[in-house]
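Please consider the structure shown below.

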Amino acid sequence: MLGLMQSQQLLISTLIDFAERHHGEGEVVSRRVEGDIHRTTYKDIAVRARKVANALDQMDLAFSDRVATLAWNGYRHLELYFGVSGSGRVLHTLNPRLHPDQIAWIANHAEDQVLCFDMSFLPIIQAVHSRCTTVKHWIALCDADKLPADTGIPGLQSYEAWMGKQPEQYTWPEFDENSASSMCYTSGTTGNPKAALYSHRSTILHAFSGALPDALNMSARDAVLPVVPMFHVNAWGLPYSAAMTGAKLVFPGPAMDGKSIFELIESEKVSFAAGVPTVWQMMLAHMQSANLKFSTLKRTVIGGSACPPAMITAFNDVYGVEVLHAWGMTEMSPLGTVCTLKNKHLSMDSADKMNVRLKQGRGIYGVDMKIVDEMGKELPWDGKAYGDLLVKGPWIISEYFKGEGGSPLVDGWFPTGDVATIDPDGYMQITDRSKDVIKSGGEWISSIDVENIAMAHPAVAMAACIGMKHPKWDERPIIAVVKKPGSEVTRDELLAFYEGKTAKWQVPDDVVFVDTIPLGGTGKMQKSKLREMLKDYRLPML
Ligand code: AMP
């Protein structure tokens with residue numbers, strides 16, 4: 001017997017329809033590439049998303065054709081999120097931090113038909129446009145009068161001229177909710193990048209679950225600042241969850257420095273912000289040096305890389321902001337776990353609470369997890385056993401676009417490439433990427449643990465722990481450190497700082513001071529590059 005409920009496809013267009021009808025006055029504020037602050041509403045975003053859909057129809061694009069963006073977080077990007085996917089095309093968010101050769105390769109692989117870009121990326125487009133063989137239409141995200149006369153890009157139009165003249169009415173098409181809605185290429189640390197292809201259904205379910213109180217806890221009373229880029233896994237789904245809840249959206253545009261982010265948080269009364277640890281590090285440094293405090297920020301979700309304990313303490317204890325440590329990946333839309341406390345934790349003292357908060361958190365509804373040993377045997381959730389982390393759920397990849405790399409699943413589970421423990425309460429803690437794990441004398445050393453201790457030292461801006469070959473112990477950890485400007489610490493002082501904080505054999509053998517640690521396009525430390533940088537390095541006493 002079937003249920004007798006209405007059958008309605010879960011489509012992204014319903015999100016913007018809802019936001020327009022129920023939160024039409026809800027604000028969307030953007031710092032633009034032009035430098036000014038732009039203010040609009042969900043009502044206006046909805047109207048302009050429909051204009052985008054009409055403009056795309058005029059281009060004779062087929063269902064599922066790819067429309068690419070190369071853009072910062074801003075209102076025009078948001079209009080494309082809804083206009084492109086809502087009209088049945090696939091939004092392909094390109095990452096401008098990649099090398100132009102990689103951008104051209106990805107655009108060709110995705111077979112992008114249209115490419116919309118912020119004017120700050122004009123030089124990239126000028127460098128790659130002749131190599132993007134499938135792109136038929138180039139759109140600059142600017143006013144008509146801001147388009148330079150001679151860009152060398154054939155048929156280039158301004159966004160405002162392109163969509164501005166279109167009718168405000170548009171009937172969103174109805175189609176199978178499993179249709180592709182957007183795509184994002186993985187960081188591609190090895191080999192060519194591969195694309196995760198999200199569906200309308202997966203996106204809506206992810207937005208639902210992501211907005212829940214024990215996940216990101218989003219509501220119409222929030223002002224949300226996604227510092228995480230809209231070109232990286234759909235800004236963790238925040239644009240969709242915001243439309244679903246009517247939360248105010250605040251977009252930082254290209255200004256990601258600590259001062260600009262802090263000012264935006266204050267001026268727009270932001271209650272909730274999301275970003276990777278490197279962004280928050282810049283902001284905390286700015287606040288510290290200028291002796292500033294937040295007046296409205298209540299919580300911040302930090303993920304993408306392990307959040308150092310020192311950062312959680314600074315947010316919690318100094319600024320009164322709750323940190324939600326979260327974990328996920330491109331292949332997971334991205335949310336997998338969020339660290340929120342259970343009732344039983346509330347009465348704990350702050351040190352014990354901190355031990356919970358440090359973990360990457362509990363699986364949110366929809367994400368199932370397990371850890372397995374080398375033989376694939378499931379390991380207990382005892383907080384001690386660590387193994388390869390596998391996940392499954394309705395917003396987790398089943399295969400990559402065009403079947404690249406073959407089937408990624410093992411018995412229906414997606415291997416994340418992370419190594420983790422899970423405790424009896426279901427809190428998962430990442431110890432490493434499997435390829436970064438350090439094996440010393442038959443025991444594993446968590447590079448994240450070693451880094452977290454160094455990061456707690458006041459003179460350390462960034463720290464990366466890697467394993468070095470050792471004739472006796474197989475591998476020994478060393479720590480590469482970038483010092484904070486104007487701060488000093490010696491090798492011996494830093495090694496002494498480890499005393500009492502970890503087992504002796506887990507203390508790194510050496511400290512190497514470096515000017516920078518290589519970061520990838522999504523702000524993650526690229527340890528393969530660091531290893532290359534230090535290829536002539538030898539452990540002391542060898
Ligand atoms: P990406 O697909 O580029 O978002 O990268 C996903 C990977 O980032 C994960 O598989 C983890 O290795 C890492 N990652 C994401 N969030 C965290 C976190 N909170 N702590 C540690 N590693 C993380």
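Which of the 15 residues around the ligand come nearest? In this predicted model, they are A326, T330, Q360, D418 and R433. By class, the shell around the ligand consists of four nonpolar, eight polar and three charged residues. Strand β14 (residues 322–328) supplies the largest share of this shell, namely four residues.

Individual polar atoms may be considered next. D418 places a polar side-chain atom 2.6 Å from an oxygen atom of the ligand, and H232 has a polar side-chain atom 3.4 Å from a ligand oxygen atom. From A306, a backbone N or O atom lies 3.2 Å from a nitrogen atom of the ligand. Taken alone, the ligand exposes 500 Å², of which the protein buries 93%.

The aromatic rings form a second topic. The count comes to eleven aromatic pairs. In the pair of Y81 and Y240, the centres are 5.5 Å apart and the planes are at 35°, a tilted arrangement. Y81 belongs to helix α3 (residues 75–86) and Y240 to helix α9 (residues 238–245), so the pair ties together parts that are 159 residues apart in sequence. Both Y81 and Y240 are buried.

The ring planes of F294 and Y319 stand at 70°, with centres 5.7 Å apart, and the pair is therefore edge-to-face. F294 and Y319 are both buried. Together with F262, W280 and F315, these two residues form one aromatic cluster.

Charged groups also meet aromatic rings. The charged end of R299 sits over the ring of F272, 4.4 Å from its centre, and that of K439 sits over the ring of W444, 5.1 Å from its centre.

Methods: Residues numbered from 1 in each chain as written. Predicted model: local features only at pLDDT ≥ 70, side-chain atom pairs only at ≥ 80, totals over all residues. Heavy atoms only, no water. Near = heavy atom within 4 Å. Polar contact = N/O pair within 3.5 Å; in protein donor to acceptor, adjacent residues only side chain to side chain. Areas by Shrake-Rupley, 256 points an atom, 1.4 Å probe, with all protein chains shown as cover. Helix = DSSP H or I, 4+ residues; strand = E, 2+ residues; numbered from the N terminus. Nonpolar A, V, L, I, M, F, W, Y, C, P; charged D, E, K, R; others polar. Phe/Tyr/Trp six-rings, centres within 6.5 Å; stacked < 30°, edge-to-face > 60°. Buried < 20%, exposed > 50% of the residue type's maximum accessible area, 1.4 Å probe, protein only. Lys NZ or Arg CZ within 6 Å of the ring centre and 35° of its normal.
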